Amino acid sequence: MDGQLNHVMVPKAKQDEAARQAFVGALRKHMQGSLTPGNQAVYHERIKPAFVEAHGREPANRQDVASVMKADPYYQFWSALQRVSQQAIWDSVTDVIEHDGDRLNAEADMLATKKPAGGSLSLNPNLAMPSYVTAADIHLMPGSYVGDGNAEMRQGSLYDRGLYLYIGGQCGPENDGLSYMLNGAIKARFPDFAPKRILDVGCTIGNSTTPWKKLYPDAEVIGIDVSETMLRYAHARAEGLGVPVNFVQTNAEFTEFEAGSFDLVASCLLLHETSASALPRILAECRRLLRPGGLMAHLDVPQVLGLSPIQAFLTSWEEENNNENFAHLIREMDLPAVAREAGWPAEAISQPNIPMAGAVDVRNYDASRQLAWTFLLGTA
Ligand SMILES: C[S@@+](CC[C@H](N)C(=O)[O-])C[C@H]1O[C@@H](n2cnc3c(N)ncnc32)[C@H](O)[C@@H]1O
């Protein structure tokens, strides 16, 4: 393996498959380290000067940059390679699951029966899937979060291994760095915060759920998602890792948990994949679920507010080319205003600008170097 923790639910590649994954991983890292920054050089050296000459002013926003950058051969080359390498990630994992799927299913059955860590799984076969989850293969992952709806491990396993390659291991060996970063943002503001009941919303495979149990061992930790197949995998994964978490299939817009029953309601990268109507409903539901003194904490993709026009343009690649169909909403959203409309008092909401280095415990993961993650905090 290449740094990902080789836990029992990770699909086991044969030698040639591992070599293919290593190639895809190296290509992605090369793109991120060299080719993506090359867009900036191209922009400053030839795109911006040509724009200024033609318009008598500098590009003011990402739309200005798009109008010229999309015709540039370097950008076209980079964009095509970015798309093809994204597809190659999933292809390189799918082939492994083809031959390792039976083992993964057997391991999951065993873990779900024995529950060595003592966690649980509660499914709701009647839950309706929101259309914003099922409409597209988000990140180009075949089958997206829901797959064909069966109980097999293939979809979760594809996500777990594919995510590691996708982000170049930036979130650490267990793909779990985001919750550590979010906890760092919380602790920077509320150093004594010690939640006893924690809800992780939109938990997928539970990679950002298990850290909450490690950070707060005395707390009850619950992860929710709409996807049965992801939750089955999350349960097996957490049990395999020895971390007791309870997973529940429910919709974050209207859960069936009791009002005022959580100290912390958190999410990592959920909000940008929900619709304009769902997002305020989720914020309102977070508020309903919190006890007095409890905390809502969301971490999500960088917003374009405050970014330079070229940074904002490059950020929007995901929306146009990677089936991130709703991300444009949150990129330009006044999140505190949306929270207020969803019922949060103005003084309870903050959108801290967290300097990544130093203040945030991400165990030196590379994710901390990313600029401008979006944080939204709400105190009940
Ligand atoms: C980008 S993934 C979250 C990733 C994960 N939290 C992490 O840290 O890696 C978004 C997840 O949210 C789930 N989701 C989307 N809308 C939801 C909703 N209304 N209620 C519950 N889960 C939802 C999707 O099924 C998907 O698994």
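In helix α3 (residues 73–114), the buried residues are Y75, Q86, I89, W90, S92, V93, V96, D100, L104, A108 and L111. Buried means that 20 or more other C-beta atoms, placed from the backbone, lie within 10 Å of a residue's own. This is a predicted model: local features need pLDDT of at least 70, side-chain atom pairs count only at pLDDT 80 or more, and totals for chains, interfaces and linings use all residues. Residues are numbered from 1 along each chain as its sequence is written. Helices (H or I, at least four residues) and strands (E, at least two) are DSSP runs, numbered from the N terminus.

**Helix α3**
- The cover over the buried residues of α3 includes α1 (15–55), α2 (62–69), α5 (154–166) and α8.
- A kink of about 65 degrees is centred on D100. The bend is the angle between axes fitted to the seven residues ending there and the seven starting there.
- D100 is also among the buried residues of α3.

**Packing of α3 with α8**
- α3 and α8 (residues 228–241) pack at about 70 degrees, with axes 9 Å apart. Axes are lines fitted to C-alpha atoms, for helices over the stretch in contact, and angles run from 0 to 180 degrees between N-to-C directions.
- The two helices are therefore roughly perpendicular, a term for angles of 65 to 115 degrees.
- α3 contributes E107, A108, L111 and A112 to the contact, and α8 contributes R232, H235, A236, E239 and G240. Contact means C-beta atoms, placed from the backbone, within 7 Å.
- By class, this contact has 4 nonpolar, 2 polar and 3 charged residues. Nonpolar covers Ala, Val, Leu, Ile, Met, Phe, Trp, Tyr, Cys and Pro; charged covers Asp, Glu, Lys and Arg; the others, Gly among them, are polar.

**The sheet**
- The sheet is open and has 8 strands, in the order β1-β4-β3-β2-β5-β6-β8-β7, with mixed pairing. Strands pair if DSSP finds at least two bridges between them.
- At the edges are β1 (120–122) and β7 (349–350), each pairing on one side only.
- β2 (residues 197–201) and β3 (residues 220–225) run parallel, joined by 5 bridges.
- D200 has G223 in β3 as its bridge partner, and V201 stands opposite I224.
- β2 is mostly covered, with 4 of its 5 residues buried.
- Helix α6 (residues 177–189) lies across β5 (262–268), β6 (290–300) and β8 (374–379), at about 130 degrees to β6.

Methods: Angles under 35 degrees count as roughly parallel, over 145 as roughly antiparallel, 65 to 115 as roughly perpendicular and the rest as oblique. Two residues are in contact if their C-beta atoms, placed from the backbone, lie within 7 Å. A residue is buried if 20 or more other C-beta atoms lie within 10 Å of its own, exposed if 12 or fewer, and partly exposed in between; C-beta atoms are placed from the backbone.
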